[in-house]
Amino acid sequence: MNTRRDFLQKIGGSVLALHLAPLVAKADADRVFEPSYAGPVLRVAICGLGGYGTRVAEAMQACVKAKLVGVISGTPSKIKSWQSKYGIPEKNCYNYENFDNIKNNPDIDAVYVITPNALHHDQVLRVAKAGKHVICEKPMALNAKQGQEMVDACTKAKVKLLVGYRMHFEPKTLEIIRMRKAGELGKVRFFQGLCGFKTGDPGQWRLNKELAGGGSLMDIGIYAINGSRYMIGEEPIWVTAQETKTDPIKFKVGVDETIQFQLGFPSGATASCLSTYNMNNLDRFFLTGDDGFAELMPATGYGPIQGRTSKGELTNPHITHQTVQMEEMADVILKGKQPIIPVDGNEAVKDLKVIDAIYEATKSGKKTLISI
Ligand code: NDP
């Protein structure tokens, strides 16, 4: 488990690096470690106690601004073990049938939806109706239409909708964005995003169109889409895409194995990206402008993220992504803080519009225009 002590040890080992690191990294380190924090705390119930839910719960143990206080699960044995591990009272435990009752629970502020993709839409609508803030995992929905309905439902219910874009708080990522905004890369021309891994068990929900909504693009390619947008700092206006499939038994109709796609931006900058479930060692972002470049590799894993720019190696400290994400999201929800890269539902709808356009372009073989 990552604790604040672990965090301090990591920081301590790189004191020099921290002194030399850009301000954004220093600010980030400060935000994670606030032992004397006495402000409001976001009380969170996790919905879906699977692999990633477990990782978030562990990371939240180091948070001071967010606290795990409840669960929603279809597996009674998991509820029991989470109760004893995290001290969760019986009154904060729900299943998928009765969690609408959370509206009557004053001890829960927000629900973090971490279930298979196809369940997000309905679950987020129900949480909003119960009057609780929502954090939803990526992809927020299966398409932009669903995504917009979720944004509208949360607006109507006057609750916040955030999406688990953990890279939006990652120090090396933020340093590249700072450099680009400061003009240190010159006019930005090109981004490359390579995202993929060889996926395992053919029976998993990620390879089931009904639950996943697609294939690699929904799961891992979305990092390249989102990364293109925040690295270049513009919204794409056209998409071209090509799908290839080497294993139609494992990757059935509607479940993409590999998609290469290209995005065009208003300034003339372009992006070229690869999303796959059938190649390893693919986790790289590369951004180049007239006066410099930036590279992250690994770019989106749990870390440590590593990178360099035309100015040298990036030395910003490694942080536990989910700890910082939850600290920051507590500030966004409770204090109205504006993150450097947005993490709200509208941000997710933009990614979903690009996903819709990529799937359309793989079918038509034509350039698809988009308006974001
Ligand atoms: P898992 O399969 O590990 O867990 C999903 C959990 O959802 C299950 O354990 C189960 O929990 C619950 N669930 C409810 N209904 C179903 C169903 N019909 N089939 C399967 N599970 C069900 O998935 P992950 O935790 O890896 O992924 C969940 C979400 O998190 C996805 O949207 C994924 O894209 C996202 N994710 C995000 C990551 C990130 O870095 N931001 C990383 C990994 C995943 P229970 O038994 O409690 O009901």
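This is a predicted model: local features need pLDDT of at least 70, side-chain atom pairs count only at pLDDT 80 or more; totals for chains, interfaces and linings use all residues.

Residues are numbered from 1 along each chain as its sequence is written, and side-chain values use heavy atoms, with hydrogens and water left out.

First, the overall shape. The chain has 12 helices and 15 strands; these are DSSP runs numbered from the N terminus, helices being H or I with at least four residues and strands being E with at least two. Its radius of gyration is 20 Å, close to the 21 Å that the globule rule gives for 372 residues, so the chain is as compact as a globular protein of that length. That radius is taken over C-alpha atoms, and the rule is 2.2 Å times the number of residues to the power 0.38. Along the principal axes, the C-alpha atoms fill a box of roughly 55 × 50 × 40 Å.

Of the 372 residues, 57% count as buried. Buried means under 20% relative accessible area, exposed means over 50%, and partly exposed is in between, using a 1.4 Å probe and protein chains only. As for contacts, meaning heavy atoms within 4.5 Å, residues 24 or more positions apart account for 70% of those with a separation of 6 or more.

Next, the domains. The chain is divided into domain 1 (4-166) and domain 2 (170-316 + 345-369), with bounds that come from an automatic or database domain assignment. The domain centres, taken over C-alpha atoms, are 24 Å apart. Domain 1 puts 26 residues into the contact and domain 2 puts in 29 residues.

Where does the largest pocket lie? Both domains give residues to its lining, so the pocket lies between them. Its volume is about 740 Å³. For the record, a pocket here is an open set of points on a 1 Å grid over the protein atoms alone, where a 1.4 Å probe fits, with protein on both sides within 12 Å along at least five of seven lines; lining residues have an atom within 4 Å of a point. Grid points are joined across faces, edges and corners, and the volume is the space filled by probe spheres set on the points.

The lining has 35 residues, and the closest to the pocket centre are Tyr 52, Trp 205, Arg 206, Asp 219 and Tyr 302. The elements that give two or more residues to this lining include helix H4 (51-60), helix H10 (216-232) and strand S11 (282-289). By type, the lining divides into 12 nonpolar, 16 polar and 7 charged residues. Here Ala, Val, Leu, Ile, Met, Phe, Trp, Tyr, Cys and Pro count as nonpolar, Asp, Glu, Lys and Arg as charged, and the others, Gly among them, as polar.

Ala 57 is in helix H4 and counts as buried, at 0% relative accessibility. Not counting residues up to four places away in sequence, Ala 57 touches Ile 46, Leu 68, Trp 82 and Tyr 86. Ala 144 is in helix H7 (residues 144-157) and also counts as buried, at 12% relative accessibility. With neighbours within four places left aside, Ala 144 is in contact with Val 349, Leu 352, Lys 353 and Asp 356.

On the exposed side, Glu 97 has a relative accessible area of 65%. Glu 97 sits in the loop between strand S3 (93-94) and strand S4 (110-113). Its C-alpha atom is 49 Å from that of Arg 308, which is 211 residues away along the chain.

Last, some backbone geometry. Most residues other than glycine have a negative phi, and most peptide bonds are trans. Lys 158 has a positive phi, near 60°; this residue is in the loop between H7 and strand S6 (161-163) and is exposed at 74% relative accessibility. Asn 281 has a positive phi of about 60° as well, lies in the loop between strand S10 (270-276) and S11, and is exposed at 78%.
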